[in-house]
Structure formats: structure tokens, C-alpha cells
Amino acid sequence: MVAFLIRRILGLVLVWLGVTILVFSIMHLAPGDPAMIILGPKATAESLARLRHELGLDRPLPVQYLRWLGNVLQGDFGRSLQLKRDVSELLWTRFRATALLATAATVIAVAIGLTAGVVSATRQYSVWDRAAMLLALLGFCLPVFWLGLILQIGLAYRLPVFPVSGMNAPGQSGFLDTLHHLVLPAVTLGIGPAAVIARMTRSSVLEVIRQDFVRTARAKGLAERVVILRHVLRNALIPVLTIVGLQVGYLFGGAVLVEMVFSWPGLGLLMVNGILARDFPVVQGAVLIVATTYVLVNLLVDVLYTLVDPRVRT
Amino acid sequence: METVKALPLTKSRRASLSAWQRFLKDRWAVAALLFLAVLAVVLVVGPAVAPHDPLKTNLGMRLKPPGTPGYLLGTDELGRDVLSRLLYGARPSIGVGFAAVGVAMLVGVPIGLLAGYFGGLLDTVVSRIVDVLLAFPYVLLAIAIVAALGPGLFNAMLAVGIAGVPYYVRIVRASALALRDQEFIQASRALGAGHGRILFRHVLPNALSPLIVAATLDVGWMITAAAGLSFLGLGAQPPQPEWGVMLSDGRQYVGVAPHLALLPGFAIFSVVLALNLVGDGLRDALDPRLRGVTAQE
């Protein structure tokens, strides 16, 4: 187990270094000179050259990369060109909002997906099964930004049950208020992964339910509920776990779009505004944080996987 | 002698026929295919049958609901005809998905083929790069690439396509890796065939089934992703009639004119749903395991 973990973490460090090189390179390929953005179009060639020197932009790219990486490792992501604030401070505040949204969406996705998948599999070919799988197909194909708008129109404008947008009402910052604001964005973001989890759970449960040990459990006279919960689900959930891990990537990608619909003040919104304003330090930092989170979550899933299924360790 | 000659032909005909027949048995997939055929007609004749100029503004007719005389699907915030904009917008909105899949395949397939077939250092390097690219959520990678290229429909198409490359490398690499040591490849090598011939005449055709299925399903995803980039202001730009742009513009008016956001979104959803149904149908029809079962029967 320890050897597996060490091997996995070393692999992760290499991948993460690759991620940093890619993020750095992409932003340096982008058109636009950061010095020009800071000083504006009226800047003289002399002042531009001075600022480029101060920012280290006149150095070779590998040197710039190492300097940037060194700073990142110390938690320094530079300064926002547009907002004139420390990027790390901005990232931290925004990351918390995105993490809250993604976590709530994951809970919703797992709750709906598992329930629908188990109900479908245990009542195969019934009306419930067909309805759940039809809904899963629809949920799978719904563009997340469109679903957000539909929910917004239905449950915020027409039936004003939830707030239209934002994370808190003006002048409020309580948990319940945040929760109230969180419902629509989290449901929007959670529906797609719920559909994927439902399909995976159904096929996984169907595979396990036909195995001999399940027949034995039934033959022993165990109640069907106990057979499903204790014997079938425990084995069927192993592949589902991988899918949940992979969906976290979707959640962070989709969060950008959901944050835009609901003006949720997360990393995605910060990133898009950063791109439009050519605020490279912000974009670089936001992309790196999301990719790092994705890599770490996948490591966590791998570790959980080995705990649940010891065969993977070898 | 005749039997020996006829056997492989009959078998292969049976296999290909049965794949098509299996597809035809999937009613949803066939209905979706018919829908896509109708859509193809719309793509060709849409602009010709559009009742209005999609860019012509008419401030006296702002935000009219669907059913307004002369404006079947209503008008937008500038009085432009929504139906005409949807018809004109179909080409860029759907075309971007096909073009992006083309980009992903054009780059990903040769790299995957070479890495899987030759193995060694090339495979190691390619696999590590793919690992790094897959460490980014798909939409995030597309956003990062479009950040470097700059906003625009063409750049959004490139970004969505490039972000899809690692998936195609993986699919084709796995097929090439499984095929390279098979007997028919070794036989071909023993007969003096060069690497190019083996790769493109033997390995690639045998790796096509998973590729076709992935491409069909990915067109839908890439249409959604490109529309998403336009929705964020990073893809097609106003006033171009493109479904993602229309959705983004309509977002400002969801309280008073919900049709502006609902209609283009429904158009995207229908196309993606149809492509998924066809992709699922194709997957079931082309599944080599299923085909194996049929051939033995």
C-alpha cells in the first residue's frame, strides 16, 4: 500500500510539473504584452522596457518559468494587472466559492445518481427503470448553461422560490442565505454528473446482482434490502467511485459556465473576466489551481479505490 | 473449393449487414438519424428559406414573443427575427462541432497510431504528454487554449478540437497496441510490407470502430463546448447568429423574454441528444464483442 502510494504521488508530481509548464507556456503564447496592459497604450518605449525588465519579461523563458514556479510554490501568484491585488488572495476567496458549489453539486449528483441507478437496476425493464434512464439520457445531453437558465426562469423569475443570482443577498452573509443562493447553481451543476453516475450504477449493480454470492445471500434467507445494501452495493460501488472522481473534472469545468449564469463569485468567473481583460497572472493562477485540484481529487479517488478494492494495489 | 472461397465473403457480408440491421432495430437511434438528416437539409437550405435578414434590426419590434405575425419565433432585444437567426446560426453552431472533431482526429489519430505501433521512447513521451493534458478538465483546457489564441469562433473551434486530442490519442494508441502483435500484422510484415502500409492499410482500418463511435458522441460534446465558449464571450462574437451567442444575449432578458434563451438552448440540446442516440446505436451495432457473437452463430 505504501509503495503504491509513493509511486502514485511521484507520478502525480511529474504530471503536476507538466501542468505548470503547459499553463506557463499557454499564457506566454497569448497575444498582448503585460507591460503594455499595465502602462496603457500611451506608454513610451523607455517605460515599457523598464517595466519589462522589472517584471523579468526580458529574461529567457526557462528562467522566467523557474522564477514563476518558485513563487507559486511559495504561494505567490503575482499581482492582478486589472484588479491591482495579490492574485493568491483573490484565488483563495474565489476558490472557496467554487469548492462550495462543486461540493454541493457532488452531493446532489451522488445522491440522485446512486438512487436512480439502484432503483433502475433492481427493477430492470420496469416503468421506473425506463423513466430513470430516459431522464439520465436527457440530463446527460442538457447543456449546463441552458439548464441553469431554465431553472432560473422557472424557479427564480416565474416562481420566485430562489434568488436569481449571486452568493448572498445585499448586506447578508449568513450560512442559510448562502445555502438559499446555492440551491439552483448546485442542482444545475449536479444534474449532468448525476446522469452519468445513474447509468454507471445501473450497469454495475446489474453485473453484480447476477453473481453467485448474491444468490447465496438470498438463499440464506436475507431480506432483499440487506442483500442489495450490504452485498450488491458494496461491490457495485467500486467502478462508480472512479466515475465520481472523473466527474469532479467535469464539475470544475462546468462550474465556469454555471458561475456565469448565476453570477456565482467563483474561480471560473474570475478566470473568464481575466481572459477578457488579458489579466494573465489571474488566468494562470486560476487554471493552475483548478488543474491541481483535479489532479489531487483523482489521487484521493485512487487511494479510496485501493482501500475498497485491495486487488488494485498490485 | 467453392465453399472455402465463399465462406469469408459470406461471413464478412453477414457481419456488416448484421451491424447495420442491429442499428436499424434501435428505434430511437433511427429516429435520431432521421432528425439529423432533416437537420442536414436545414443546414443546406436554411439561409435560403429564412424569412428575414438575421442581422437586420427593427427597434419597433423589440422582444416580441413567439407567434407574433411575421415573426414565428418572436424577435430579440434589437428586433431581429429569432427564427432567421436560428436558421443562419445552425451552420456555425453545428459545423464547429464537426470541424473540432476533425481537428482532434487529424492530430490525435496519427500520434496515437505511431505511439501504439512503435512503442518505446516515443510511446513513453506521448503518454506522459497525454497524462498532463488529461490533468485538465476538458472545458478548462479549451478555455486556457482560447485564452492564448484570443476569442473568436475559429479559435474556439481550434481550442475545443485541440482539447479533444488526448482522448483520440488514447483510443487509437490502445487499438494500435493491441493490434501490432497480432498474426495478420506479423504476416503482413513477413511479406515485406513497410510500416506505412501496415499502419494505414491494416492497423487503422481495424481501429476504426471505436473511433467512429467516439467521434459521433464527441461531435455533440464539442458543439456544446463551443457554444459554451461563445456563451462566455470567448467564442463567436455578436452580432453573428450563433446559438451560444444568442443564448448569451438572451440571458439578459430571461425575465421578460425567456424565448430568447430557451430556443437556441433547445436547438443545441436537440442536436446533442440526436447525436448521442445515434452514437449509442452505433456503439451497440459496431461492438466487436457483439459482432463476434453474431459471426459465430
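Okay, let's start with chain A: its secondary structure comes to twelve helices and zero strands. A helix here is a DSSP run of H or I with at least four residues, a strand is a run of E with at least two, and both are numbered from the N terminus. Before I go on, this is a predicted model, so local features need pLDDT of at least 70 and side-chain atom pairs count only at pLDDT 80 or more, while totals for chains, interfaces and linings use all residues. Residues are numbered from 1 along each chain as its sequence is written, and chains are lettered from A, with ligands numbered from 1, in the order in which they are written.

Chain A fills a box of roughly 85 × 55 × 35 Å, going by its C-alpha atoms along the principal axes. It has 314 residues, and 39% of them count as buried. Buried means 20 or more other C-beta atoms within 10 Å of the residue's own; exposed means 12 or fewer, partly exposed is in between, and the C-beta atoms are placed from the backbone.

How many residues of helix H9 in chain A are buried? The count is zero, out of eight residues, 212-219. Just after H9(A), Gly221(A) takes a positive phi of about 95°.

Now chain B. Here too we get twelve helices and zero strands. The C-alpha trace spans about 80 × 45 × 30 Å along its principal axes, and 44% of the 297 residues are buried.

On to the largest nonpolar core, which has 174 residues. Such a core is a set of buried Ala, Val, Leu, Ile, Met, Phe, Trp, Tyr and Cys residues joined through C-beta atoms within 7 Å. Ala142(B), Ala156(B) and Ala226(B) have the most contacts inside it. Contact means that two C-beta atoms, placed from the backbone, lie within 7 Å. Beyond its neighbours within four places in sequence, Ala142(B) touches Ala159(B), Val160(B), Ala163(B), Ala225(B) and Leu229(B).

Last stop: a helix pair in chain B. H2 (residues 27-49) and H3 (residues 82-118) pack at about 145°, with axes 7 Å apart. Those axes are lines fitted to C-alpha atoms over the stretch in contact, with angles from 0 to 180 degrees between N-to-C directions.

Which residues of H2(B) meet H3(B)? They are Val42(B), Leu43(B), Gly46(B), Pro47(B) and Val49(B), and on the H3(B) side we find Leu87(B), Tyr88(B), Ala90(B), Arg91(B) and Ile94(B).
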